[in-house]
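Biologist: Hi! Could you walk me through this structure, one piece at a time?
Modeller: Happy to, so let's open it up.

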Amino acid sequence: MIQELFTPSVQHTLDLIGIFVFAISGALLAVRKNFDIFGIAVLAEVTALGGGLFRDLMIGAVPPAAFTDLGYFITPMFAALLVVFLHPQVERIQVGVNVFDAAGLGLFCVAGTTKAYDYGLGLTASAALGLATAVGGGVLRDVLANEVPSLLRWDRDLYAVPAIVGAAMVALCIRFDLLNPVTSALAAVTAFVLRLLAMKFHWRAPRAWNRRSTVREE
């Protein structure tokens with residue numbers, strides 16, 4: 001078992017911050033899609049908790065943390081209400097929301113990988129669930145909003161790749177017995193910085209070589 005990297009109170013605070021910013025992104029998409037208040041709340045909850053729920057169900061950590069800690073459920077609701085009443089103001093600070101979303105991505109890919117390994121998964125599977133923890137909520141958000149998930153679209157800045165890098169760094173640290181608060185923080189910061197750079201310079205993954213697609217580019 002991996003010893004706790006942070007104190008429970010610090011870990012809980014970091015989780016709530018990540019959940020809050022993910023919920024904001026889900027609620028904003030719901031507003032753009034003209035959803036009602038219930039739809040906004042659902043999309044906020046799914047975006048914030050979807051990745052963690054998937055991870056916990058896969059590793060047998062039941063009931064999932066989202067159902068045993070009221071704060072995990074209430075935080076997305078608060079974010080949804082904030083967007084319902086203040087979405088024009090929230091839209092104006094979208095750059096700031098994106099920065100916090102990138103921070104959440106880094107935190108969740110690290111937390112997901114370490115938790116999966118604690119429950120007996122191998123390094124590769126743990127890293128895969130670290131990725132799923134970080135991006136799973138966004139995938140569910142886009143599916144429910146009837147959109148192609150962002151991480152599958154070539155015309156979107158890299159999102160999954162930074163999470164993959166962060167999760168892989170954690171797996172390597174576990175492999176060589178180097179995982180501690182400093183190295184885990186370094187993995188989270190690396191994913192965070194890569195995501196920021198991808199947004200700034202519009203880095204995108206390559207497509208198929210010599211493709212002959214008839215799909216219209218948006």
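Biologist: Where is Pro63 found?
Modeller: Pro63 is in the loop between α2 (37-59) and α3 (65-68). Keep in mind that this is a predicted model.

Biologist: Okay, and what kind of peptide bond joins Val62 and Pro63?
Modeller: A cis one, with omega at about -10 degrees. As a rule, most peptide bonds are trans.

Biologist: Now phi angles. Which residue just after α7 takes a positive phi?
Modeller: That is Asp177, with a phi of about 55 degrees. Asp177 is not a glycine, and most residues other than glycine have a negative phi. You'll find Asp177 in the loop between α7 and α8.

Biologist: Is Asp177 buried or exposed?
Modeller: Exposed, because its relative accessibility is 70% and the cut-off for exposed is over 50%.

Biologist: And what about the phi of His202?
Modeller: The phi of His202 is also positive, near 55 degrees, and His202 is a residue other than glycine. His202 sits in the segment after α8 and is partly exposed, with a relative accessible area of 49%.

Biologist: Which residue follows α1, and what is its phi like?
Modeller: Asn34 follows α1, and its phi is positive, near 65 degrees.

Biologist: Let's do helices. What span should the 16 residues of helix α7 have?
Modeller: At 1.5 Å a residue, α7 (residues 160-175) should span 22 Å. The C-alpha atoms at its ends are 22 Å apart, so the two values agree.

Biologist: And the 25 residues of α1? What should they span?
Modeller: They should span 36 Å, and the end C-alpha atoms of α1 are 36 Å apart, which agrees.

Biologist: How many residues does the largest nonpolar core have?
Modeller: That core has 39 residues, and Ile24 and Ala134 are the ones with the most contacts inside it. The elements that give two or more residues to the core are α1 (8-32), α2, α4 (70-92), α5, α6, α7 and α8. The largest share, 10 residues, comes from α1.

Biologist: What does Ile24 touch?
Modeller: Leaving out residues up to four places away in sequence, Ile24 touches Ala79, Leu82, Val83, Val90 and Val97. There is also a second, separate core of five residues, including Ile59 and Leu129.

Biologist: On to charges. How many salt bridges does a search of the whole structure find?
Modeller: Six. One of them joins Lys33 and Glu147, whose closest N and O atoms are 3.3 Å apart. This pair links distant parts of the chain: Lys33 is in the loop between α1 and α2, Glu147 is in the loop between α6 and α7, and they are 114 residues apart.

Biologist: What's the distance in the salt bridge of Asp56 and Arg55?
Modeller: It is 3.0 Å, N to O. Asp56 and Arg55 are both buried.

Biologist: Which residue forms a salt bridge with Asp157?
Modeller: Arg204 does, and the closest N and O atoms of the two are 3.6 Å apart. Asp157 lies in the loop between α6 and α7 and Arg204 in the segment after α8, so the pair ties together parts that are 47 residues apart in sequence. Asp157 counts as buried at 17% relative accessibility, while Arg204 is partly exposed at 39%. Elsewhere, salt bridges with shared partners join Arg55, Asp56 and Lys115 into one network.

Biologist: And Arg195? Which side chain of opposite charge is nearest?
Modeller: Asp101, at 4.9 Å. Arg195 is buried yet has no salt bridge, because the cut-off is 4 Å. Arg195 is found in helix α8 (residues 181-201). Leaving aside neighbours within four places in sequence, its contacts include Ala102, Leu105, Asp157 and Tyr159.

Biologist: Last topic: how many aromatic pairs are there?
Modeller: Three. One is Phe201 with Trp203, a stacked pair at 6.0 Å centre to centre with 20 degrees between the planes. Phe201 is partly exposed, with a relative accessible area of 48%, and Trp203 counts as partly exposed at 35%.

Conventions:
Residues numbered from 1 in each chain as written. Predicted model: local features only at pLDDT ≥ 70, side-chain atom pairs only at ≥ 80, totals over all residues. Heavy atoms only, no water. Helix = DSSP H or I, 4+ residues; strand = E, 2+ residues; numbered from the N terminus. Buried < 20%, exposed > 50% of the residue type's maximum accessible area, 1.4 Å probe, protein only. Lys, Arg positive; Asp, Glu negative; His and termini not counted. Contact = heavy atoms within 4.5 Å. Expected span 1.5 Å × (residues − 1). Core = buried A, V, L, I, M, F, W, Y, C linked by side-chain atoms within 4.5 Å. Phe/Tyr/Trp six-rings, centres within 6.5 Å; stacked < 30°, edge-to-face > 60°.
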